[in-house]
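Have a look at it first, then read on.

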Amino acid sequence: MSRDLKAFLLSTGMIALAVVLQSTLLHWVAIRGVIPDLGLIILVFVAIRRGSMTAQLSGFATGVVEDFLSLSPLGFHAFIRTVVGFVYGLTVGSIFVDPILMPVLLTIAATLFKALISSLLVSFLAIPAEGFSVFTGPLWIEMGYNTVLAPFLFALLGLFKVLKPQNKEWM
Amino acid sequence: MPGIPSFVRKNKNGVTFTAILLLCLLLMLFSNRNLVLQPKKVGQSFFSVFQLSVHAVGNWFTNTVTSIRELKRLRSELEEARDRLMEYERVSRDLAELRRENRELRDQLGFARGLPFRYIAAQVIARDPSNQFSTITVNRGSIHGMREGMPVIAFQGGLQGLVGRVVLVGLSSSMVQPITDPNSYVAARLQSSRFDGLVAGSQGGADLLTMSYVKKLAVNEVQYGELVITSGMGQLFPEGIHIGRVREMTAKGYEASLELEVQPIVDFSRLEFVYIIDTEKR
């Protein structure tokens, strides 16, 4: 099994596990009903380490899982995670990731980017969900939660050898 | 056309990205809450197995850790319960008398008795993995007799409160759309003043409801804290289930109706057990 395939399978498995945790155990630590998006943090890490191809495929696969477990239309989360994975993957090899500052900044930007895409989808496709009102309290709580967790998750994910920076052929 | 394969090879990344996005858009266009495609049902059934497993493991740990603390608490509660039992025995005697009186009055007035529906008890096993939607997943599915559209209620604070309705039924689990969802609408009535309206979930993530289309002449009769119940119109929800209490009232000069802010009876963050009403079996 090639290293790229291993990276894809590992990242997809981890994000899928994060999504299941988000729908079950993480609701015990929700702040005003808002939970962190662990899947997004893992996706950002995978994208800046392994590039667009691995990240967009993992993002799509786990987005579909999230759609199955949510009231969202099939393809909603898949679309968002594919775009985030692809865009962040374009920065592969060009960002020096220190232990704290970069994980925090990358996660803040990813949370805002996710909110923007989701609001655009809600508006353009008339999806029955929170639209631009997502730019209110819940978004900031989620961003705070993600920001606090990002350095820890980045440190943990850095231990996986298979997620070390990619070779060029699968970019 | 020899150019296409080489173009695809050169732009593998971009081509994959575009193909996935098109697939996502197609899926979204053909899938919504009212017309959920079969793959969504199959996927929900499959992945909810993982939710069930994680929920069970989490429960086991919680139960073990809290059991010791529980024992101490239970002892003191036992003493309290004994005292309460004495009180309840007295209340029970009064209640029997009130029931008899109530039955007689009902018979005299010729009112039909409330229809006792069959309930399916269920446990909340998961919620929505994202913060933009508000799904509740319960551990009962089609094999337990669940059907789409069934109303869901819960008992909290001594009152029976409306939770929502079943929107997607898997094999052994189902998804419930709570009444706080912005896309949920319930035909409602103010219990004391008897004005009708429409209760909807409110935007912004707060667990509050908005009751609109209430006649403006109700402004002097509606009281803060008044109970809002289902009216039974639309036939989605049976009549008389508690929805919430009036918290705020807005009467805009240019509008012909009132808008009421309603605090739900059910605290959705503490929701553990729910009852699904089978309106077809009485």
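Which residues does A:Gln22 touch, not counting residues up to four places away in sequence? They are A:Ile35, A:Leu38, A:Gly39 and B:Pro129, where contact means that C-beta atoms, placed from the backbone, lie within 7 Å. Before going further, note that this is a predicted model, in which local features need pLDDT of at least 70 and side-chain atom pairs count only at pLDDT 80 or more, while totals for chains, interfaces and linings use all residues. Residues are numbered from 1 along each chain as its sequence is written, and chains are lettered from A and ligands numbered from 1 in the order in which they are written.

Back to A:Gln22, then. It is found in helix α1 of chain A; helices (H or I, at least four residues) and strands (E, at least two) are DSSP runs, numbered from the N terminus. A:Gln22 counts as buried because it has 25 C-beta neighbours inside 10 Å. The cut-offs are 20 or more other C-beta atoms within 10 Å for buried, 12 or fewer for exposed, and partly exposed in between. A:Lys114 is 92 residues from A:Gln22 in sequence, with 16 Å between their C-alpha atoms.

**Where the chains meet**

Chain A puts 43 residues into the contact and chain B puts in 42. On the side of chain A that touches chain B, two or more residues each come from α1 (3-23), α3 (52-68), α4, α5 and α6 (137-157) of chain A. The largest share, seven residues, is from α3(A). By class, that side of chain A has 24 nonpolar, 16 polar and three charged residues. Here Ala, Val, Leu, Ile, Met, Phe, Trp, Tyr, Cys and Pro count as nonpolar, Asp, Glu, Lys and Arg as charged, and the others, Gly among them, as polar.

**Two partners for α4(A)**

Two packed helices are described by the angle between their axes and the distance between the axes. Axes are lines fitted to C-alpha atoms, for helices over the stretch in contact, and angles run from 0 to 180 degrees between N-to-C directions.

| Helix pair | Angle | Axis distance |
|---|---|---|
| α4(A) and α5(A) | about 135° | 10 Å |
| α4(A) and α2(B) | roughly 160° | within 8 Å |

That makes α4(A) oblique to α5(A), and α4(A) roughly antiparallel to α2(B). Angles under 35 degrees count as roughly parallel, over 145 as roughly antiparallel, 65 to 115 as roughly perpendicular and the rest as oblique.

In the pair within chain A, residues of α4(A) including A:Phe76, A:Phe79 and A:Tyr88 meet residues of α5(A), among them A:Phe113, A:Lys114 and A:Leu121. That contact divides into ten nonpolar, one polar and one charged.

**A buried strand in chain B**

Chain B has three helices and twelve strands, and 31% of its 282 residues count as buried. Strand β5 (residues 174-178) of chain B is largely enclosed by the rest of the structure, because five of its five residues are buried. B:Ser174, B:Val176 and B:Pro178 point one way, and B:Met175 and B:Gln177 the other.

What does β5(B) pair with? Strand β2 (residues 136-138) of chain B runs antiparallel to β5(B), joined by three bridges, and β4 (residues 159-169) of chain B is also antiparallel to β5(B), with five bridges. Strands pair if DSSP finds at least two bridges between them. B:Ser174 is the bridge partner of B:Val138 and also stands opposite B:Val169. Four residues lie between β4(B) and β5(B) in their hairpin.

Key:
Contact = placed C-beta atoms within 7 Å.
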